[in-house]
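Reader: Could you walk me through how to read a model like this? I would like the general idea of each feature and then the case at hand.

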Amino acid sequence: MSQFLQNNLVAIIVFLLLLIFLLMGSMIFILCKLVLRTKPADFVIDTSTVLADEVLSPLLKIKKHEISLVEKYYCIHHTEAPSVGSCLICEEVFCVDCLVDHESMHFCKEHFRTYANYKWQQITDTRTTPDTPEDGLYIYNFKRDIWLNKNIPSFVMTHYKINIENDYIESFIQLNVRIEDVTKLSLELENYKAQV
Ligand SMILES: [Zn+2]
Ligand SMILES: [Zn+2]
C-alpha cells in the first residue's frame, strides 16, 4: 500500500488539488447566484420607497416635456406627419401636404387664402444688428398679440443686409398688414412700442 502511495504521490496530490478547486469553484458559483438574486430585489425596494419621489417625478416631468416637444414637431392636422415649417400668419406647424410655399413665404392652406384675398402693406422696416437683436422683438409680440386676441392677420418678413464696412449682418423686421388695417395698426404699434 505504501509502495502504491509512493509511486502515485504526484497523481494523488494533483487529484486532491483538482477536487479542492472544483469545490471552491462551485461554492463561488453558488455565492454569485445568491448575490445576483438579492441585488435586483434590493433595487426594487429602493425605487419604490426612497427613490420614488425624488427620482421618478423628475423622470416623469422629462417624459412630459419630451412628449410636448414631439407634439410640437408634428402637423397640427396630421399627428403622424412631421412638420416642415410654420405658417407666417397663425405660426402653427404643418406637414408638407398642408404648408403652401409661395415666393419663399410659407402659409397654411387657410391663411394662404387670406394672403391671396387681401392687399398687403408693409408698415415697419425696423433695423436690428447683432448688438441690438431685441430691437425688433416688440413687432413679433405685437403681431402675435393682434392675431391671438383680435384675430387680425399680419405677417413678419425679415430682410437681411450684409454691412460690408462693419462686416456684420443687419436685419430689417418688416410687418405686413392688410391695407384696410394700415392706419389703425400703425397707431396701435406706436403705442405698443411706447409701452415696452
Ligand atoms: Zn396659418
Ligand atoms: Zn398636415
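Author: Gladly, and let us begin with contacts: two residues are in contact if their C-beta atoms, placed from the backbone, lie within 7 Å. Leaving aside neighbours within four places in sequence, Phe107 is in contact with Cys87, Leu88, Ile89, Val100, His102, Phe112 and Tyr115. A word on conventions: this is a predicted model, in which local features need pLDDT of at least 70, side-chain atom pairs count only at pLDDT 80 or more, and totals for chains, interfaces and linings use all residues. Residues are numbered from 1 along each chain as its sequence is written, while chains are lettered from A and ligands numbered from 1 in the order in which they are written.

Reader: What is the mean pLDDT of the protein chain?

Author: pLDDT is the predictor's confidence in each residue, from 0 to 100. The mean for the protein chain is 81, and 76% of its residues reach 70 or more. Over residues 38-71 the pLDDT is below 50, and this stretch has three contacts in the model beyond near neighbours in sequence. Where pLDDT is low, the predicted coordinates should not be read in detail.

Reader: How many helices and strands are there in the protein chain?

Author: Helices (H or I, at least four residues) and strands (E, at least two) are DSSP runs, numbered from the N terminus. The protein chain has six helices and eight strands, in the sequence pattern α-α-α-β-β-β-β-α-β-β-α-β-β-α.

Reader: Which strand does β3 join, and how do the two run?

Author: Strands pair if DSSP finds at least two bridges between them. Here four bridges join β3 (residues 99-102) to β4 (residues 105-108), and the two run antiparallel. Asp101 stands opposite His106 in β4. Two residues lie between the strands of this hairpin, where Glu103 takes a positive phi near 45°.

Reader: Which residues make up the largest nonpolar core?

Author: First, burial: a residue is buried if 20 or more other C-beta atoms lie within 10 Å of its own, exposed if 12 or fewer, and partly exposed in between. A nonpolar core is a set of buried Ala, Val, Leu, Ile, Met, Phe, Trp, Tyr and Cys residues joined through C-beta atoms within 7 Å. The largest one has 11 residues: Cys75, Cys87, Leu88, Ile89, Val93, Phe94, Cys98, Leu99, Phe107, Cys108 and Phe155. The elements giving two or more residues to this core are β2 (93-94) and β4. Apart from it lies another core of eight residues, among them Phe142, Ile146, Leu175 and Val177.

Reader: Which residues of α5 are buried?

Author: They are Ile139, Phe142, Lys143 and Ile146.
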